[in-house]
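Hello,

Here is the structure I promised to hand over. My notes on it follow below.

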Amino acid sequence: MAMDESLLQARPAAPPEMERCTSCGARLSEKGYARFPCPMCGARLGRCWRCRKQSIDYRCACGFTGP
Ligand SMILES: [Zn+2]
Ligand SMILES: [Zn+2]
């Protein structure tokens, strides 16, 4: 039962500009997502089109929540 290390090493790294939805964690690769700075701390937040459509709350690491 040896671990196949070659599989782990071959895993491609995600591009740095790939961000995730702050609400559900989905990758912001589809059209319709929004990126904006947190009104409180200025951290980068992102929302996918699904969470925007359903008006799901997001929560920043600083504790700020908003629609
Ligand atoms: Zn989402
Ligand atoms: Zn914040």
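Lys53 counts as exposed because it has 10 C-beta neighbours inside 10 Å; exposed means that 12 or fewer other C-beta atoms lie within 10 Å of a residue's own, buried means 20 or more, and partly exposed is in between, with C-beta atoms placed from the backbone. This is a predicted model, in which local features need pLDDT of at least 70 and side-chain atom pairs count only at pLDDT 80 or more, while totals for chains, interfaces and linings use all residues. Residues are numbered from 1 along each chain as its sequence is written, and chains are lettered from A and ligands numbered from 1 in the order in which they are written.

Lys53 sits in helix H2, which covers residues 49–54. Helices (H or I, at least four residues) and strands (E, at least two) are DSSP runs, numbered from the N terminus. Tyr33 is 20 residues away from Lys53 along the chain, and their C-alpha atoms are 10.0 Å apart.

Ser55 belongs to the loop between H2 and strand E3 (58–59). Ser55 is not a glycine, yet its phi is positive, at about 55 degrees. Ser55 also counts as exposed, because it has 9 C-beta neighbours inside 10 Å.

Next, the strands. E1 (residues 34–37) and E2 run antiparallel and are joined by four bridges; two strands pair if DSSP finds at least two bridges between them. Among the bridge partners, Ala34 goes with Arg47 in E2, and Arg35 goes with Gly46 in E2. The hairpin of E1 and E2 has six residues between the strands, and Gly42 in this hairpin has a positive phi near 85 degrees.

Read from the N terminus, the order of the elements is α-β-β-α-β-β. The protein has 67 residues, of which 7% count as buried. Of the contacts between residues at least 6 apart in sequence, 32% join residues at least 24 apart; two residues are in contact if their C-beta atoms, placed from the backbone, lie within 7 Å.

Regards
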